[in-house]
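This report goes through a single protein chain, from a few local details to the chain as a whole. Please look over the sequence and the structure before reading on.

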Amino acid sequence: MARPSPLRRLLGAVILPLLAATACGGAVGVGDRPPAPPAAATAGNDPYLAIIAHSQDLGPVAADLPLSTVLQLRDDSQGRLSHDVAAMYDPSSPNYAHFLTPAEYAARYGPQPGEINAVRGYLAAHGISVDWQQGNSWLVAAGPAAAMESTFGIDVRWYRALDGTRFFAAVRDLRVPAGLTGQVLGASRVTNYQPDKFAIPVGGLTPTDVLAAYDVSALRDAAGDGSGQTIVVWGLDGYLQSDLDQFTQKYALPPIAVTDAPQSAPHIQTKKGGPENEMDIEVVHLLAPGAKLVIWNSNQNIRTIADFVNDLSKAVDSYPGAIFSHSWGLCDKIIGQAGAQAVEQVAEKAASLGETHAAGTGDMGGYDCMRNAQVWGQPPDPKLISSVIPASAPGFLAVGGTRLSVRQDSTWLDEVAWEHPDAFLGGGGSISPFFPQPSWQTGPGTQNQFNKNHNRTIPDVAADADDVSGISVFSQGNWGMGNGTSQAAPIWAGIITLIDAYLVKNHLKPVAFVNPALYAIAAGKPAFPAFHDITVGGNFVYPCTPGYDIATGIGSPDAWNLARDLADYEKNGGKV
């Protein structure tokens, strides 16, 4: 029986904030058609309310408990930003790959400081502080529970979930005060709900197997080991250098040198190390051992949407041009429309700074909301079919999961969708209720019977995630087997790192926001077959089909072929 995947963090190692359902437009490549309004929220169709309904009420929070929320701001520059980012990723445009610095981004986009001062003054009069960075179309409002409750019309209480998790939450969505309705479009839900965590199971493919299976060795021969590139792993649970050393010594790899990002929270000191960080670090290192490896340590204090969005925005500003690997996420129906929009706005900034963000799509097939809704022991509920944030935000490269089979010489033999009905584990993939289908998400299979409203679908791509074919890792003092789409995401992050090195070596631009180029190659007639089209299996909800499907996207990579196709894509002005 498959064990729970380390992508548990996809549903639990970070405590994502839960946002109310109001949003503004202007996401990367999302288009002009607004998403359909959500149905009225009830415990039957809103996993956030279902969590509370299934939890024990422990009483009100203390009046001085610090709380925070993200306020979505009216921002007339969003349309211009989307236009500018589209030009940065059009090889035929004179602005192709003319990425911005964080300072240039701040000077060009976002609300005017005078508008922020009006919001700041109103909230200060109510005992609430404001944290805003120029260029952002959102701000953080923070204050003691009493002030937040009276200002936003909420009642925040402590709860205990069925799994024992203790968390606070406000049952009602925040109400935007009348004095702010001219500047503020929506406010986030207030909670610090976090599901429990699991451990990594045992077993594994060797680094040599992975390099051969995805045709990485030939790319390494042409591109080098990733030197000159930076990979940022979103860190959640610590790591031990001694564990990383065990991994590199066994497989005769260069030593791993990790930099703790000085702008992030202090390194998480643990006696055992961290199963998520250690797996992610080892996977990206075996692919691109020469790259600079940074851990962005997530703040482990009270976690709300404000904490998360601030952290993500700081990371984006701190490492322009880097490749990010994200092995976390949350059911999109919990985070809400405004939350999803806030994440996408940060992703759009990342695209303008020339970054790549790869994110796992979850480990419960198309039913990622079931775990959060605490519906244990019940059959799959169609109301809880869901995608996850951040993967479903169009500015992220969403990475789904497969089971990989290799030949005796470790080269690729076959892949099927990762799906374990006995353990209810499988590669996440579904349809976003919040984002229309981006203009670049085209090609065979992208218009299908499941997506009648033409919304954003995930995954975009896939890679090995099944514990049957997972990668051998050393974590928490033991050899084990990585799995989950939290393994698949760093596989893609490592491969893109090497592709960037190859392109730069050939006097071309790095891929950065790679989604448009990947879909163009998959739909076109490239010189080299860049993807393994996965046509067998599914993810409990959506079947694999020829071409794109909502279980494995456009497929898994042939890294060397993809690198050469991306070089041609750039040279030919985006034509494939």
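## Terms and source

A salt bridge here is a side-chain nitrogen of Lys or Arg within 4 Å of a carboxyl oxygen of Asp or Glu. The model is predicted: local features need pLDDT of at least 70 and side-chain atom pairs count only at pLDDT 80 or more, while totals for chains, interfaces and linings use all residues. Residues are numbered from 1 along each chain as its sequence is written, and side-chain values use heavy atoms, with hydrogens and water left out.

## Salt bridges

The structure holds six salt bridges. In one of them, the side chains of Asp466 and Arg403 meet at 2.7 Å, N to O. Asp466 lies in the loop between strand S21 (461-464) and S22, and Arg403 in strand S15 (residues 397-406), so this pair ties together parts that are 63 residues apart in sequence. Helices (H or I, at least four residues) and strands (E, at least two) are DSSP runs, numbered from the N terminus. Asp466 is buried, with a relative accessible area of 1%, while Arg403 is partly exposed at 30%. Buried means under 20% relative accessible area and exposed means over 50%, with partly exposed in between (1.4 Å probe, protein chains only).

Arg189 and Asp173 also form a salt bridge, with an N to O distance of 2.7 Å. This pair links distant parts of the chain, 16 residues apart: Arg189 is in the loop between strand S7 (184-187) and H6, and Asp173 is in the loop between strand S6 (166-170) and S7. Arg189 counts as buried at 6% relative accessibility, whereas Asp173 is partly exposed at 31%. Elsewhere, Asp57, Asp155 and Arg157 are linked in a network of salt bridges.

## A buried glutamate

Glu344 has its place in helix H11 (residues 332-352). Its side chain reaches the backbone nitrogen of Gly395 at 2.8 Å.

## Helix H8 and its cover

Helix H8 spans residues 241-250, and its buried residues are Asp243, Leu244, Phe247 and Thr248. Seen down the axis of H8, these buried residues fall within an arc of 130 degrees, so they line one face of the helix. The arc is that of the directions from the helix axis to the C-beta atoms. In general, an α-helix has 3.6 residues a turn, so residues three or four places apart point the same way.

The cover over the buried residues of H8 includes helix H6 (207-213), strand S9 (258-260), helix H9 (275-287), strand S22 (472-475) and strand S23 (478-481). Just after H8, Ala252 takes a positive phi of about 55 degrees.

## Backbone details

Two further residues have positive phi values. Ala97, which is not a glycine, has a positive phi of about 60 degrees. Ala97 lies in the loop between helix H2 (78-88) and helix H3 (102-108) and counts as buried at 9% relative accessibility. For Asp215, phi is near 55 degrees, a positive value in a residue other than glycine. Asp215 is found in the loop between H6 and helix H7 (216-223) and is partly exposed, with a relative accessible area of 23%.

The peptide bond from Ile389 to Pro390 is cis, with omega near 15 degrees. Pro390 sits in the loop between strand S14 (388-389) and S15. Another cis peptide bond runs from Ile458 to Pro459, with omega near 10 degrees, and Pro459 lies in the loop between strand S20 (455-458) and S21.

## The chain as a whole

The protein chain has 15 helices and 25 strands. Of its 576 residues, 62% are buried. Among contacts (heavy atoms within 4.5 Å) between residues at least 6 apart in sequence, 81% join residues at least 24 apart.

The chain exposes about 19,400 Å², and carbon and sulfur atoms supply 53% of this area. Accessible areas come from the Shrake-Rupley method with a 1.4 Å probe; for residues, only the protein chains shown count as cover.

Technical notes. Polar contact = N/O pair within 3.5 Å; in protein donor to acceptor, adjacent residues only side chain to side chain.
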